[in-house]
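Grab the structure, try each task, then read the solution.

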Amino acid sequence: MVDRQVKQWHEPCPGIKIIKTSGEEELASLIAETCAASIQTAKDLWGLPPPGDCHIHVMTSWQKFVFTAAPWYLRPVLVTSYPFWAARV
C-alpha cells in the first residue's frame with residue numbers, strides 16, 4: 001500500500017530535507033522552490049535562520065498520508081478499522 005522507495009532531495013532548499021517517492025519529482029521541485037523563497041524572505045525581513053532539522057514529506061495520496069504519518073502505536077487501529085472508514089474518505 002505504501003511505496004517504500006524513499007529518496008531524499010535537498011536542493012535548492014538548504015537545511016531542509018524533502019522526502020519523496022518516485023513520481024513526485026515535479027511537486028517536490030515546486031515545494032523546494034517555495035521553501036527556498038520562504039526561507040530567504042524570513043531571513044531578509046526578520047533575520048531568522050533556516051530551521052535546524054526540518055523534514056518535509058511529499059505525500060500525494062491519502063492512503064500514504066494516513067498510514068505513513070500516523071504514529072506507530074495508532075497504525076494497528078487504523079489498519080483494523082480501515083474497512084469501516086475508507087469509503088468515506
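**Exercise 1. Find which residues make up one aromatic cluster.**

Keep in mind that this is a predicted model. If you search the whole structure for aromatic pairs, you get six.

**Exercise 2. Work out how the rings of W62 and W85 are arranged, and which parts the pair ties together.**

Step one: look at the ring centres of W62 and W85, which are 5.9 Å apart. Step two: check the planes, which sit at 65° to each other. Planes over 60 degrees apart count as edge-to-face, so W62 and W85 are an edge-to-face pair. W62 belongs to helix α2 and W85 to helix α3, so their pairing ties together parts that are 23 residues apart in sequence.

**Exercise 3. Decide whether W62, W85 and Y82 are buried or partly exposed.**

The cut-off you need is that buried means under 20% relative accessible area. W85 has 19%, so W85 is buried. W62 has a relative accessibility of 28%, so W62 counts as partly exposed. Y82 comes in at 25%, so Y82 is partly exposed too.

**Exercise 4. Describe the geometry of the pair Y82 and W85.**

Start with the numbers: the ring centres lie 5.5 Å apart and the planes are at 85°, so this pair is edge-to-face. Now look at where the residues sit: both are in helix α3, three residues apart, or about one turn of the helix. In general, an α-helix has 3.6 residues a turn, so residues three or four places apart point the same way.

**Exercise 5. Work out how helix α2 and helix α3 run relative to each other, and what their contact is made of.**

First, get the angle: α2 (residues 62-69) and α3 (residues 75-85) pack at about 150°, and their axes are 10 Å apart. Angles over 145 degrees count as roughly antiparallel, so that is how α2 and α3 run. Next, list who meets whom: from α2 come W62, Q63, V66, F67 and T68, and from α3 come R75, L78, V79, Y82 and W85. Sorting these contact residues gives seven nonpolar, two polar and one charged.

**Exercise 6. Find which residues of α2 are buried, and name part of what covers them.**

The buried ones are K64, V66 and F67. Their cover includes β2 (16-21) and α3.

Conventions. Residues numbered from 1 in each chain as written. Predicted model: local features only at pLDDT ≥ 70, side-chain atom pairs only at ≥ 80, totals over all residues. Heavy atoms only, no water. Axes fitted to C-alpha atoms, helices over the stretch in contact; angles between N-to-C directions. Helix = DSSP H or I, 4+ residues; strand = E, 2+ residues; numbered from the N terminus. Parallel < 35°, antiparallel > 145°, perpendicular 65-115°, else oblique. Contact = heavy atoms within 4.5 Å. Nonpolar A, V, L, I, M, F, W, Y, C, P; charged D, E, K, R; others polar. Phe/Tyr/Trp six-rings, centres within 6.5 Å; stacked < 30°, edge-to-face > 60°. Buried < 20%, exposed > 50% of the residue type's maximum accessible area, 1.4 Å probe, protein only.
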